[in-house]
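Reader: I would like to go through this model feature by feature. Please give the general idea each time, and then the case at hand.

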Amino acid sequence: MEPNSQQSTRSKTEGQANSLPTREVVRCEGVSQRVPTSEGPLDILTDINLAIQSGESVAIVGASGSGKSTLLGLLAGLDTPSHGDIWLDGEPLRALNEDSRAALRARKVGFVFQSFHLLPALSALENVMLPLEIAGVSEAEATARQWLDRVGLGSRLSHSPRQLSGGEQQRVAIARAFATQPAILFADEPTGNLDRATGARIIELLFALNAEQGTTLVLVTHDDALARRCQHRLMLAAGRLVTEVTA
């Protein structure tokens with residue numbers, strides 16, 4: 001992590017046993033986001049600079065309205081900034097059109113959202129298969145079955161989202177996110193719609209799979225326990241990066 005600085009924090013982890021080589025998978029320089037409103041332009045983000053290395057886990061925290069979800073969407077290429085530049089796994093997002101950004105996300109990125117974003121007309125199995133089929137994976141069904149089994153839903157393959165509890169729906173979403181073996185996983189309030197006990201189980205599952213797969217994890221959360229599980233915590237206040245805490 002390198003918020004508002006060009007000084008790398010790799011030296012903080014040098015000498016750790018069994019550490020793997022890292023590469024920069026997310027960078028943004030001078031990123032600002034301004035949107036028009038009836039009362040004039042509104043600055044949501046101002047001059048954000050950061051870099052994230054492969055395998056890191058990063059929590060973006062801050063008060064409601066501080067710009068957390070907006071920043072996550074920009075880093076993932078879901079939107080384009082008003083000013084500044086973002087690179088996703090070395091690809092300059094500004095140089096890509098919407099279709100090219102979508103193709104990059106399909107290859108490199110997984111998502112877990114607060115509201116699950118499962119397709120209601122599809123079964124759990126079909127929801128996990130969909131991104132695999134879009135990516136052209138030949139054994140999409142077998143892979144989806146494997147991942148649903150790994151998140152404890154091997155007996156719920158044919159169930160639709162409305163037949164699943166909130167925790168089960170989020171496990172389907174996690175299976176879907178990891179099934180394509182993304183380099184980067186973006187999560188927006190992954191425990192926000194869950195009770196405390198279910199949220200705790202989802203946290204354990206998320207971090208276990210993240211460690212196993214070596215995926216870079218970037219998440220937005222208001223859950224302090226979840227944020228503290230990450231190696232780095234970035235605090236946003238009024239659209240500015242104000243501090244970083246490193247585990």
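Author: We begin with accessibility: a residue is buried under 20% relative accessible area, exposed over 50%, and partly exposed in between, with a 1.4 Å probe and protein chains only. Asp43 has 39% relative accessibility, so Asp43 counts as partly exposed. The model is predicted, so local features need pLDDT of at least 70 and side-chain atom pairs count only at pLDDT 80 or more, while totals for chains, interfaces and linings use all residues. Residues are numbered from 1 along each chain as its sequence is written, and side-chain values use heavy atoms, with hydrogens and water left out.

Reader: Which residue meets Asp43 in a salt bridge?

Author: A salt bridge is a side-chain nitrogen of Lys or Arg within 4 Å of a carboxyl oxygen of Asp or Glu. Asp43 meets the side chain of Arg34 in this way, at 2.6 Å from N to O. Arg34 has 46% relative accessibility and therefore counts as partly exposed.

Reader: How many salt bridges are there by this rule?

Author: The count comes to 11. Among them is the one between Asp85 and Arg94, at 2.9 Å, N to O. Asp85 is partly exposed at 30% relative accessibility, whereas Arg94 is exposed, with a relative accessible area of 52%.

Reader: Is Arg101 buried or exposed?

Author: Arg101, in helix 3 (residues 98-108), is buried yet has no salt bridge. Lys and Arg count as positive and Asp and Glu as negative, with His and the chain ends not counted. On that basis the nearest side chain of opposite charge to Arg101 is Glu98, 5.0 Å away.

Reader: What does the side chain of Arg101 reach?

Author: The side chain of Arg101 reaches the backbone oxygen of Gly77 at 3.3 Å. For contacts in general, the rule is heavy atoms within 4.5 Å. Not counting residues up to four places away in sequence, Arg101 touches Gly77, Thr80, Leu93 and Leu96.

Reader: How do I read a pair of aromatic rings?

Author: Such a pair is described by the distance of the centres and the angle of the planes. Rings of Phe, Tyr and Trp (its six-membered ring) pair if their centres lie within 6.5 Å; planes under 30 degrees apart count as stacked, over 60 as edge-to-face and the rest as tilted. The structure holds 3 aromatic pairs. In one of them, Phe111 and Phe113 have ring centres 5.5 Å apart and planes at 10 degrees, so the pair is stacked. Phe111 and Phe186 form another stacked pair, with 6.1 Å centre to centre and 25 degrees between the planes.

Reader: Where in the chain do Phe111 and Phe186 lie?

Author: Phe111 is in strand 6 (residues 109-113) and Phe186 in strand 7 (residues 184-188), 75 residues apart, and the pair links distant parts of the chain. Phe186 is buried, with a relative accessible area of 0%, and Phe111 is buried at 18%. Phe113 counts as partly exposed at 21%. Ring pairs link Phe111, Phe113 and Phe186 into a cluster.

Reader: What of a charge over a ring?

Author: The test is that NZ of Lys or CZ of Arg is within 6 Å of the ring centre and within 35 degrees of the ring normal. Arg150 lies over the face of Trp147, at 4.4 Å from the ring centre. Arg229 lies over the face of Phe207, at 4.8 Å from the ring centre.

Reader: Which residues are in contact with Val172?

Author: Leaving aside neighbours within four places in sequence, Val172 contacts Leu118, Ala124, Asn127, Val128, Leu148, Leu153 and Leu164. Val172 is found in helix 6 (residues 166-179) and is buried, with a relative accessible area of 0%. Buried residues of helix 4 (residues 124-134) include Ala124, Asn127 and Val128, and what covers the buried residues of helix 4 includes helix 5 and helix 6.

Conventions: Helices (H or I, at least four residues) and strands (E, at least two) are DSSP runs, numbered from the N terminus. A polar contact is a pair of N or O atoms within 3.5 Å; within protein, one must be able to donate a hydrogen and the other to accept it, and residues adjacent in sequence count only if both atoms are side-chain atoms.
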